[in-house]
Amino acid sequence: MRGMQLFVDEKNTVRDDACMDSKKTILNSFAWGDLGNGYYKNPVLNADYSDPDIIRVKDDFYMVCSEFHFMGIPVLHSKDLVNWSIIGRVYSALKHDKIYDEMNGYAKGSWAPSLRYHEGRYYVYFCTPDEGLYMSTAAHPSGPWEPIHEVKRVAGWEDPCPFWDDDGNAYLGHSTVGAGPIIIHKMSTDGKRLLDDGVIVFVGKIAEGTKIHKRNGFYYLIIPEGGVEIGWQTVLRSKNIYGPYERKVVLKTGSTSINGPHQGGLVELPSGQSWFIHFQSAGALGRVCHLQPVSWVDDWPVMGCGGEPVSICKKPDVGMNYPRQLPQTSDDFDTPQLGLQWQWNHNPVNEKWSLSWRPGYLSLEAMFAENIAEARNTITQKIMGEAGTVSVQMSCENMKQGQIAGLLFLAFREENWIGIVREELGCRIQAVTGGVCYHGPVIHTDTIWFGANIDLKGTTTFSFSFDNREYIQLGGACTLCSGFWKGSRIGLFSYNTITDGGCADFKRFRYETK
(Lines give C-alpha, C1' and ligand atoms only; values in the text may rest on other atoms or scores of the structure.)
Protein backbone atom coordinates (compact mmCIF):
# COMPACT_ATOMS: atom_id res chain seq x y z
CA MET A 1 0.00 0.00 0.00
CA ARG A 2 1.09 3.57 -0.55
CA GLY A 3 -0.11 6.96 0.61
CA MET A 4 -2.23 9.08 -1.73
CA GLN A 5 -0.21 11.43 -3.98
CA LEU A 6 -1.36 14.77 -5.32
CA PHE A 7 0.04 16.08 -8.60
CA VAL A 8 -0.29 19.52 -10.10
CA ASP A 9 -0.48 20.21 -13.80
CA GLU A 10 0.93 23.23 -15.65
CA LYS A 11 -2.09 25.32 -14.58
CA ASN A 12 -1.49 24.48 -10.89
CA THR A 13 -4.69 22.41 -10.66
CA VAL A 14 -4.42 19.68 -8.06
CA ARG A 15 -4.92 16.17 -9.37
CA ASP A 16 -5.10 12.94 -7.39
CA ASP A 17 -3.45 9.58 -8.03
CA ALA A 18 -5.61 8.94 -11.07
CA CYS A 19 -4.84 12.43 -12.41
CA MET A 20 -8.46 13.53 -11.97
CA ASP A 21 -9.12 17.28 -11.88
CA SER A 22 -9.90 19.10 -8.64
CA LYS A 23 -10.85 22.70 -7.88
CA LYS A 24 -8.14 23.35 -5.31
CA THR A 25 -5.24 25.58 -6.39
CA ILE A 26 -1.72 26.09 -5.08
CA LEU A 27 0.13 29.38 -4.77
CA ASN A 28 3.82 29.02 -5.59
CA SER A 29 6.00 30.74 -2.96
CA PHE A 30 9.33 29.73 -4.50
CA ALA A 31 10.65 29.04 -7.97
CA TRP A 32 11.71 25.48 -7.16
CA GLY A 33 12.05 23.00 -4.32
CA ASP A 34 9.91 23.27 -1.20
CA LEU A 35 7.00 25.63 -1.85
CA GLY A 36 6.38 26.15 1.86
CA ASN A 37 2.82 24.84 1.74
CA GLY A 38 3.21 21.08 1.87
CA TYR A 39 4.11 20.77 -1.80
CA TYR A 40 7.33 20.88 -3.79
CA LYS A 41 8.20 21.98 -7.29
CA ASN A 42 10.78 20.18 -9.41
CA PRO A 43 13.70 20.35 -9.49
CA VAL A 44 14.09 19.82 -5.75
CA LEU A 45 17.84 20.42 -6.10
CA ASN A 46 18.31 23.03 -8.80
CA ALA A 47 22.06 22.55 -9.05
CA ASP A 48 24.56 20.16 -10.59
CA TYR A 49 24.08 17.03 -8.48
CA SER A 50 24.49 14.69 -11.43
CA ASP A 51 23.88 10.93 -11.32
CA PRO A 52 22.33 11.03 -7.83
CA ASP A 53 21.96 7.98 -5.62
CA ILE A 54 20.00 7.95 -2.36
CA ILE A 55 19.36 5.67 0.59
CA ARG A 56 17.14 5.78 3.66
CA VAL A 57 18.49 4.76 7.07
CA LYS A 58 15.68 4.91 9.65
CA ASP A 59 14.24 8.43 9.31
CA ASP A 60 17.15 9.96 7.43
CA PHE A 61 17.97 10.17 3.73
CA TYR A 62 21.47 10.44 2.28
CA MET A 63 22.63 11.22 -1.24
CA VAL A 64 25.84 11.21 -3.30
CA CYS A 65 26.53 12.33 -6.86
CA SER A 66 29.16 12.38 -9.60
CA GLU A 67 31.84 15.05 -9.30
CA PHE A 68 34.32 13.99 -11.98
CA HIS A 69 37.46 16.18 -11.64
CA PHE A 70 36.17 18.15 -8.64
CA MET A 71 37.21 16.98 -5.15
CA GLY A 72 35.42 15.04 -3.94
CA ILE A 73 32.08 13.24 -3.66
CA PRO A 74 29.76 15.20 -1.30
CA VAL A 75 27.34 13.46 1.07
CA LEU A 76 23.99 15.21 1.47
CA HIS A 77 21.35 14.69 4.15
CA SER A 78 17.58 15.22 4.16
CA LYS A 79 14.64 14.41 6.40
CA ASP A 80 12.03 14.62 3.62
CA LEU A 81 13.78 14.11 0.21
CA VAL A 82 13.02 17.73 -0.70
CA ASN A 83 15.24 19.83 1.58
CA TRP A 84 18.94 18.98 1.61
CA SER A 85 22.21 20.03 3.26
CA ILE A 86 25.81 18.88 2.76
CA ILE A 87 27.16 16.94 5.75
CA GLY A 88 30.34 15.29 4.50
CA ARG A 89 32.79 14.44 1.76
CA VAL A 90 34.03 10.96 0.84
CA TYR A 91 37.53 12.10 -0.19
CA SER A 92 39.53 15.29 -0.66
CA ALA A 93 41.92 14.10 -3.39
CA LEU A 94 42.41 11.31 -5.92
CA LYS A 95 45.94 9.98 -5.63
CA HIS A 96 45.83 6.91 -7.89
CA ASP A 97 46.90 8.82 -11.03
CA LYS A 98 49.09 11.88 -11.55
CA ILE A 99 46.58 13.48 -13.95
CA TYR A 100 44.65 14.82 -10.97
CA ASP A 101 47.77 16.68 -9.82
CA GLU A 102 48.66 17.85 -13.32
CA MET A 103 45.25 19.41 -14.19
CA ASN A 104 44.72 16.79 -16.91
CA GLY A 105 41.78 14.96 -15.36
CA TYR A 106 38.90 16.97 -16.83
CA ALA A 107 35.81 14.76 -17.34
CA LYS A 108 37.52 11.90 -15.53
CA GLY A 109 37.46 11.33 -11.77
CA SER A 110 34.33 10.01 -10.03
CA TRP A 111 31.57 8.71 -12.29
CA ALA A 112 28.07 7.86 -10.99
CA PRO A 113 28.75 6.69 -7.43
CA SER A 114 26.46 4.39 -5.48
CA LEU A 115 25.69 4.75 -1.78
CA ARG A 116 24.61 1.79 0.36
CA TYR A 117 24.16 0.92 4.04
CA HIS A 118 25.07 -2.57 5.22
CA GLU A 119 25.44 -3.97 8.74
CA GLY A 120 25.97 -0.61 10.39
CA ARG A 121 28.33 0.91 7.83
CA TYR A 122 27.96 3.21 4.84
CA TYR A 123 29.60 2.31 1.53
CA VAL A 124 30.35 4.43 -1.54
CA TYR A 125 31.52 2.89 -4.83
CA PHE A 126 32.59 4.74 -7.97
CA CYS A 127 34.62 4.20 -11.11
CA THR A 128 37.10 6.47 -12.81
CA PRO A 129 36.99 5.80 -16.55
CA ASP A 130 40.69 5.13 -17.11
CA GLU A 131 41.91 3.79 -13.78
CA GLY A 132 39.48 1.49 -12.06
CA LEU A 133 36.84 0.67 -9.44
CA TYR A 134 37.10 2.34 -6.02
CA MET A 135 35.25 2.27 -2.71
CA SER A 136 35.24 3.75 0.76
CA THR A 137 33.30 3.03 3.92
CA ALA A 138 32.37 4.94 7.08
CA ALA A 139 30.50 4.40 10.35
CA HIS A 140 28.62 7.67 9.78
CA PRO A 141 27.81 9.38 6.47
CA SER A 142 29.39 12.65 7.66
CA GLY A 143 32.67 10.76 8.01
CA PRO A 144 35.43 10.22 8.56
CA TRP A 145 35.54 8.02 5.47
CA GLU A 146 38.28 5.44 5.14
CA PRO A 147 41.03 6.09 2.57
CA ILE A 148 39.95 5.22 -0.96
CA HIS A 149 40.41 1.50 -1.63
CA GLU A 150 41.13 0.26 -5.16
CA VAL A 151 38.87 -2.74 -5.72
CA LYS A 152 40.15 -3.38 -9.24
CA ARG A 153 42.59 -1.61 -11.53
CA VAL A 154 40.78 -1.57 -14.86
CA ALA A 155 39.98 0.89 -17.65
CA GLY A 156 36.59 1.31 -19.24
CA TRP A 157 34.22 0.60 -16.35
CA GLU A 158 31.51 2.97 -15.11
CA ASP A 159 28.55 3.35 -12.74
CA PRO A 160 29.09 0.58 -10.14
CA CYS A 161 26.59 -0.56 -7.50
CA PRO A 162 27.14 -3.07 -4.67
CA PHE A 163 24.42 -5.38 -3.40
CA TRP A 164 24.33 -7.58 -0.31
CA ASP A 165 21.69 -10.31 -0.68
CA ASP A 166 19.67 -11.69 2.21
CA ASP A 167 21.45 -15.06 1.87
CA GLY A 168 24.80 -13.47 2.74
CA ASN A 169 26.20 -13.27 -0.78
CA ALA A 170 27.51 -9.97 -2.14
CA TYR A 171 27.49 -8.72 -5.71
CA LEU A 172 28.54 -5.71 -7.74
CA GLY A 173 26.92 -4.48 -10.94
CA HIS A 174 28.37 -1.99 -13.41
CA SER A 175 28.35 -0.97 -17.05
CA THR A 176 31.19 -0.01 -19.38
CA VAL A 177 32.25 3.35 -20.79
CA GLY A 178 30.10 3.98 -23.84
CA ALA A 179 27.14 2.73 -21.81
CA GLY A 180 26.71 -0.99 -21.70
CA PRO A 181 26.41 -3.86 -21.25
CA ILE A 182 25.28 -4.39 -17.64
CA ILE A 183 27.59 -6.85 -15.85
CA ILE A 184 27.14 -8.58 -12.47
CA HIS A 185 30.10 -9.85 -10.37
CA LYS A 186 30.30 -11.86 -7.17
CA MET A 187 31.98 -9.73 -4.51
CA SER A 188 33.60 -10.44 -1.14
CA THR A 189 31.31 -9.66 1.77
CA ASP A 190 33.62 -6.87 2.96
CA GLY A 191 33.12 -5.20 -0.42
CA LYS A 192 36.82 -4.94 -1.22
CA ARG A 193 37.35 -7.70 -3.81
CA LEU A 194 35.60 -9.02 -6.90
CA LEU A 195 35.50 -12.82 -6.99
CA ASP A 196 34.97 -13.46 -10.70
CA ASP A 197 35.07 -11.88 -14.16
CA GLY A 198 31.36 -11.10 -14.15
CA VAL A 199 28.32 -12.12 -16.17
CA ILE A 200 26.63 -9.96 -18.82
CA VAL A 201 22.96 -9.78 -17.83
CA PHE A 202 21.62 -7.07 -20.15
CA VAL A 203 22.52 -5.25 -23.33
CA GLY A 204 20.48 -2.13 -24.09
CA LYS A 205 20.53 1.23 -25.83
CA ILE A 206 23.10 3.26 -23.87
CA ALA A 207 22.32 1.19 -20.75
CA GLU A 208 24.23 2.42 -17.68
CA GLY A 209 23.86 3.67 -14.10
CA THR A 210 22.92 0.31 -12.60
CA LYS A 211 21.17 0.37 -9.20
CA ILE A 212 20.34 -3.04 -7.68
CA HIS A 213 17.34 -3.63 -5.40
CA LYS A 214 15.38 -6.63 -4.12
CA ARG A 215 11.66 -6.54 -3.39
CA ASN A 216 9.02 -9.26 -3.03
CA GLY A 217 11.44 -11.89 -4.29
CA PHE A 218 12.38 -9.94 -7.45
CA TYR A 219 15.82 -8.56 -8.22
CA TYR A 220 15.51 -5.14 -9.84
CA LEU A 221 18.14 -3.41 -11.97
CA ILE A 222 17.08 0.23 -12.22
CA ILE A 223 18.98 1.64 -15.17
CA PRO A 224 18.92 4.70 -17.41
CA GLU A 225 18.94 4.25 -21.16
CA GLY A 226 19.12 6.55 -24.16
CA GLY A 227 21.77 9.07 -23.08
CA VAL A 228 22.01 12.22 -20.97
CA GLU A 229 19.93 14.62 -23.05
CA ILE A 230 17.00 12.46 -24.21
CA GLY A 231 17.13 9.27 -22.18
CA TRP A 232 14.49 7.39 -20.18
CA GLN A 233 14.34 5.23 -17.08
CA THR A 234 14.20 1.46 -17.50
CA VAL A 235 13.62 -1.23 -14.89
CA LEU A 236 14.71 -4.85 -15.29
CA ARG A 237 13.42 -7.60 -13.00
CA SER A 238 14.11 -11.25 -12.45
CA LYS A 239 13.81 -13.95 -9.80
CA ASN A 240 17.53 -14.63 -10.29
CA ILE A 241 20.20 -11.95 -10.01
CA TYR A 242 21.82 -13.28 -13.19
CA GLY A 243 18.55 -13.19 -15.14
CA PRO A 244 16.91 -13.63 -17.49
CA TYR A 245 15.45 -10.17 -16.97
CA GLU A 246 12.14 -8.69 -18.04
CA ARG A 247 12.28 -5.05 -19.16
CA LYS A 248 9.91 -2.12 -18.70
CA VAL A 249 10.27 1.63 -19.34
CA VAL A 250 8.93 3.35 -16.21
CA LEU A 251 9.70 7.05 -16.78
CA LYS A 252 10.11 9.14 -19.93
CA THR A 253 9.56 12.67 -21.19
CA GLY A 254 6.19 11.86 -22.77
CA SER A 255 4.03 14.96 -23.15
CA THR A 256 6.11 17.04 -20.70
CA SER A 257 9.06 19.35 -21.32
CA ILE A 258 11.40 17.46 -18.97
CA ASN A 259 14.14 16.13 -21.22
CA GLY A 260 15.94 12.92 -20.31
CA PRO A 261 14.31 12.15 -16.92
CA HIS A 262 16.54 9.29 -15.82
CA GLN A 263 19.46 7.93 -13.75
CA GLY A 264 19.00 8.07 -10.03
CA GLY A 265 18.02 6.27 -6.85
CA LEU A 266 14.89 4.64 -5.42
CA VAL A 267 13.82 4.61 -1.76
CA GLU A 268 10.86 3.18 0.14
CA LEU A 269 9.40 4.91 3.20
CA PRO A 270 7.89 3.45 6.40
CA SER A 271 4.61 5.10 5.32
CA GLY A 272 4.48 2.73 2.35
CA GLN A 273 5.40 5.38 -0.22
CA SER A 274 8.22 4.96 -2.73
CA TRP A 275 10.17 7.79 -4.35
CA PHE A 276 12.72 8.15 -7.14
CA ILE A 277 15.23 10.99 -7.49
CA HIS A 278 16.83 11.49 -10.92
CA PHE A 279 18.61 14.10 -12.99
CA GLN A 280 17.65 16.33 -15.88
CA SER A 281 20.29 17.94 -18.11
CA ALA A 282 19.71 21.69 -17.70
CA GLY A 283 22.34 23.55 -19.72
CA ALA A 284 24.72 25.80 -17.78
CA LEU A 285 23.37 24.58 -14.43
CA GLY A 286 24.45 21.04 -15.24
CA ARG A 287 22.27 18.10 -14.23
CA VAL A 288 19.61 19.05 -11.69
CA CYS A 289 17.61 16.68 -9.46
CA HIS A 290 13.91 15.90 -9.74
CA LEU A 291 11.84 13.87 -7.28
CA GLN A 292 9.14 11.51 -8.55
CA PRO A 293 6.48 9.57 -6.62
CA VAL A 294 6.49 5.85 -7.37
CA SER A 295 3.57 3.44 -7.31
CA TRP A 296 3.82 -0.33 -7.66
CA VAL A 297 1.58 -2.20 -10.09
CA ASP A 298 2.01 -5.98 -10.43
CA ASP A 299 5.47 -5.63 -8.83
CA TRP A 300 6.57 -3.04 -11.40
CA PRO A 301 7.37 0.52 -10.33
CA VAL A 302 5.48 3.29 -12.13
CA MET A 303 7.23 6.63 -11.71
CA GLY A 304 5.80 10.13 -11.79
CA CYS A 305 2.27 10.55 -13.13
CA GLY A 306 1.62 7.48 -15.28
CA GLY A 307 5.28 7.26 -16.26
CA GLU A 308 5.79 10.97 -16.97
CA PRO A 309 7.67 13.39 -14.65
CA VAL A 310 5.59 15.57 -12.32
CA SER A 311 6.09 19.30 -11.98
CA ILE A 312 4.52 19.91 -8.56
CA CYS A 313 3.66 17.25 -6.00
CA LYS A 314 2.74 16.81 -2.38
CA LYS A 315 5.84 16.30 -0.25
CA PRO A 316 6.71 12.76 0.87
CA ASP A 317 4.87 11.42 3.91
CA VAL A 318 7.66 11.29 6.51
CA GLY A 319 5.47 11.90 9.56
CA MET A 320 6.04 15.64 9.90
CA ASN A 321 6.69 18.79 7.88
CA TYR A 322 10.23 20.13 7.60
CA PRO A 323 11.13 23.73 6.65
CA ARG A 324 12.73 24.78 3.41
CA GLN A 325 16.49 24.23 3.38
CA LEU A 326 19.10 24.52 0.62
CA PRO A 327 22.70 23.29 0.50
CA GLN A 328 25.24 25.71 1.92
CA THR A 329 26.60 28.58 -0.19
CA SER A 330 28.14 31.52 1.76
CA ASP A 331 31.35 31.27 3.80
CA ASP A 332 33.04 33.76 6.17
CA PHE A 333 36.31 31.76 6.18
CA ASP A 334 36.42 32.22 9.96
CA THR A 335 36.42 28.55 11.04
CA PRO A 336 39.20 25.93 10.88
CA GLN A 337 37.55 24.16 7.93
CA LEU A 338 36.24 25.29 4.55
CA GLY A 339 32.51 25.01 4.08
CA LEU A 340 31.51 21.65 2.62
CA GLN A 341 30.06 23.38 -0.44
CA TRP A 342 33.59 24.14 -1.69
CA GLN A 343 35.36 21.77 -4.07
CA TRP A 344 38.83 22.08 -5.52
CA ASN A 345 39.27 21.83 -9.28
CA HIS A 346 41.50 18.73 -9.37
CA ASN A 347 43.68 17.83 -6.37
CA PRO A 348 44.56 20.71 -4.05
CA VAL A 349 48.10 21.63 -3.08
CA ASN A 350 47.45 21.88 0.63
CA GLU A 351 50.64 23.71 1.56
CA LYS A 352 49.64 26.54 -0.81
CA TRP A 353 46.38 27.57 0.85
CA SER A 354 45.32 28.35 4.41
CA LEU A 355 42.57 29.59 6.70
CA SER A 356 45.09 30.43 9.44
CA TRP A 357 47.87 32.43 7.77
CA ARG A 358 45.59 35.43 8.04
CA PRO A 359 42.69 34.60 10.38
CA GLY A 360 39.30 35.35 8.89
CA TYR A 361 40.57 34.98 5.34
CA LEU A 362 41.06 32.23 2.79
CA SER A 363 44.61 32.68 1.54
CA LEU A 364 45.50 31.30 -1.89
CA GLU A 365 49.22 31.33 -2.68
CA ALA A 366 49.77 31.53 -6.42
CA MET A 367 51.54 28.85 -8.43
CA PHE A 368 52.66 29.18 -12.02
CA ALA A 369 50.05 28.52 -14.71
CA GLU A 370 49.41 29.81 -18.19
CA ASN A 371 45.64 30.05 -17.75
CA ILE A 372 42.78 29.31 -15.40
CA ALA A 373 42.21 25.79 -16.74
CA GLU A 374 45.76 24.91 -15.64
CA ALA A 375 45.71 26.85 -12.37
CA ARG A 376 46.11 24.81 -9.18
CA ASN A 377 43.99 25.47 -6.08
CA THR A 378 41.00 26.98 -7.87
CA ILE A 379 38.16 26.51 -5.40
CA THR A 380 34.61 26.19 -6.69
CA GLN A 381 31.01 25.54 -5.79
CA LYS A 382 27.89 24.75 -7.74
CA ILE A 383 25.64 27.45 -9.17
CA MET A 384 22.23 26.97 -7.58
CA GLY A 385 19.10 28.10 -9.39
CA GLU A 386 18.85 30.36 -12.39
CA ALA A 387 19.36 33.65 -10.53
CA GLY A 388 21.47 34.90 -7.64
CA THR A 389 24.05 37.38 -6.41
CA VAL A 390 27.64 36.80 -5.32
CA SER A 391 30.09 39.09 -3.53
CA VAL A 392 33.51 38.59 -1.98
CA GLN A 393 36.07 40.85 -0.34
CA MET A 394 39.67 40.47 -1.50
CA SER A 395 42.99 41.82 -0.27
CA CYS A 396 45.76 42.27 -2.83
CA GLU A 397 48.48 43.60 -0.52
CA ASN A 398 50.50 40.35 -0.71
CA MET A 399 50.18 39.82 -4.46
CA LYS A 400 53.31 39.69 -6.64
CA GLN A 401 54.03 40.67 -10.22
CA GLY A 402 52.46 38.31 -12.74
CA GLN A 403 49.77 37.17 -10.32
CA ILE A 404 46.08 37.15 -11.24
CA ALA A 405 43.40 36.48 -8.62
CA GLY A 406 39.71 37.02 -8.14
CA LEU A 407 36.19 35.72 -8.71
CA LEU A 408 35.32 33.43 -11.62
CA PHE A 409 32.77 31.35 -13.40
CA LEU A 410 34.39 28.10 -14.43
CA ALA A 411 32.50 27.46 -17.65
CA PHE A 412 35.03 25.37 -19.63
CA ARG A 413 34.49 26.95 -23.06
CA GLU A 414 35.65 30.55 -22.52
CA GLU A 415 37.17 32.36 -19.56
CA ASN A 416 34.84 34.45 -17.39
CA TRP A 417 36.39 36.22 -14.40
CA ILE A 418 36.96 39.50 -12.62
CA GLY A 419 40.01 40.15 -10.48
CA ILE A 420 43.29 41.89 -9.83
CA VAL A 421 46.24 41.68 -12.20
CA ARG A 422 49.48 42.55 -10.42
CA GLU A 423 51.58 44.54 -12.88
CA GLU A 424 55.05 46.00 -12.50
CA LEU A 425 53.72 49.38 -11.36
CA GLY A 426 50.76 48.21 -9.27
CA CYS A 427 47.43 46.44 -9.23
CA ARG A 428 44.83 46.76 -11.97
CA ILE A 429 41.23 45.55 -12.02
CA GLN A 430 40.52 43.41 -15.05
CA ALA A 431 37.64 41.28 -16.30
CA VAL A 432 37.32 38.66 -18.98
CA THR A 433 33.81 37.77 -20.12
CA GLY A 434 33.02 35.51 -23.02
CA GLY A 435 36.75 35.31 -23.66
CA VAL A 436 37.05 39.10 -24.20
CA CYS A 437 39.33 41.18 -21.95
CA TYR A 438 38.18 44.42 -20.28
CA HIS A 439 40.85 46.55 -18.56
CA GLY A 440 39.71 48.42 -15.50
CA PRO A 441 41.39 51.06 -13.34
CA VAL A 442 44.68 50.87 -11.49
CA ILE A 443 43.85 50.82 -7.78
CA HIS A 444 45.63 52.42 -4.84
CA THR A 445 44.01 50.42 -2.07
CA ASP A 446 44.65 46.95 -0.71
CA THR A 447 40.98 45.99 -0.41
CA ILE A 448 38.45 45.48 -3.19
CA TRP A 449 35.06 43.78 -3.48
CA PHE A 450 33.99 41.73 -6.46
CA GLY A 451 30.43 40.83 -7.35
CA ALA A 452 28.45 38.79 -9.83
CA ASN A 453 24.81 38.96 -10.81
CA ILE A 454 23.64 35.56 -12.05
CA ASP A 455 20.73 35.44 -14.47
CA LEU A 456 20.85 32.31 -16.60
CA LYS A 457 17.71 33.33 -18.48
CA GLY A 458 19.07 36.83 -19.11
CA THR A 459 22.55 38.29 -18.66
CA THR A 460 25.17 37.30 -16.09
CA THR A 461 27.68 40.05 -15.29
CA PHE A 462 30.62 40.98 -13.05
CA SER A 463 31.19 44.15 -11.02
CA PHE A 464 33.59 45.67 -8.51
CA SER A 465 33.32 48.03 -5.55
CA PHE A 466 35.62 50.04 -3.30
CA ASP A 467 33.16 50.15 -0.38
CA ASN A 468 30.83 47.11 -0.79
CA ARG A 469 27.92 49.50 -1.40
CA GLU A 470 28.25 50.95 -4.88
CA TYR A 471 29.21 48.39 -7.53
CA ILE A 472 30.47 49.18 -11.03
CA GLN A 473 29.95 46.67 -13.83
CA LEU A 474 33.05 45.65 -15.75
CA GLY A 475 32.91 43.46 -18.84
CA GLY A 476 30.06 42.16 -20.93
CA ALA A 477 27.81 39.15 -20.60
CA CYS A 478 29.42 36.01 -19.20
CA THR A 479 29.06 32.93 -21.39
CA LEU A 480 28.08 30.07 -19.10
CA CYS A 481 27.69 26.52 -20.32
CA SER A 482 28.20 22.94 -19.27
CA GLY A 483 31.33 21.04 -20.19
CA PHE A 484 33.30 17.93 -19.24
CA TRP A 485 29.96 16.50 -17.92
CA LYS A 486 29.63 19.33 -15.37
CA GLY A 487 27.72 22.59 -15.17
CA SER A 488 29.26 26.04 -14.79
CA ARG A 489 30.60 26.92 -11.35
CA ILE A 490 31.31 29.97 -9.26
CA GLY A 491 34.76 30.10 -7.66
CA LEU A 492 37.88 31.86 -6.42
CA PHE A 493 41.28 31.63 -8.08
CA SER A 494 44.89 32.75 -7.79
CA TYR A 495 47.79 31.94 -10.12
CA ASN A 496 50.92 33.55 -11.53
CA THR A 497 51.86 33.70 -15.20
CA ILE A 498 55.57 34.36 -14.49
CA THR A 499 56.59 32.17 -11.55
CA ASP A 500 55.31 30.80 -8.28
CA GLY A 501 54.58 33.46 -5.71
CA GLY A 502 52.16 35.99 -4.32
CA CYS A 503 49.12 35.50 -2.13
CA ALA A 504 45.50 36.63 -2.51
CA ASP A 505 43.34 36.78 0.61
CA PHE A 506 39.55 36.40 0.42
CA LYS A 507 36.98 37.31 3.07
CA ARG A 508 33.18 37.19 3.51
CA PHE A 509 32.04 35.21 0.48
CA ARG A 510 28.31 35.75 0.03
CA TYR A 511 26.11 33.82 -2.38
CA GLU A 512 22.37 34.45 -2.27
CA THR A 513 20.11 32.39 -4.53
CA LYS A 514 16.80 33.65 -5.84
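These legends go with a few close-up views of a predicted model.

Residues are numbered from 1 along each chain as its sequence is written. Because the model is predicted, local features need pLDDT of at least 70 and side-chain atom pairs count only at pLDDT 80 or more, while totals for chains, interfaces and linings use all residues, and side-chain values use heavy atoms, with hydrogens and water left out.

View 1. S465 sits in strand β39 (residues 461-465); strands are DSSP runs of E, at least two residues, numbered from the N terminus. With 1% relative accessibility, S465 is buried (under 20% relative accessible area, 1.4 Å probe, protein chains only). Its side chain makes a polar contact with the side chain of D467 at 3.0 Å (N or O atoms within 3.5 Å, one able to donate a hydrogen and the other to accept it; residues adjacent in sequence count only if both atoms are side-chain atoms). Leaving out residues up to four places away in sequence, S465 touches I448, W449, E470 and Y471 (heavy atoms within 4.5 Å).

**View 2. A four-stranded open sheet.** The strands run in the order β19-β20-β21-β22, with antiparallel pairing (pairing takes at least two DSSP bridges). β19 (211-215) and β22 (246-251) are at the edges with a single partner strand each, so one side of each has no neighbour in the sheet. Inspect β20 (residues 218-225) and β21 (residues 232-238), and you'll find seven bridges.

**View 3. Residues 1-27.** Here pLDDT, the predictor's confidence in each residue from 0 to 100, stays under 50.

Note on methods
Buried < 20%, exposed > 50% of the residue type's maximum accessible area, 1.4 Å probe, protein only.
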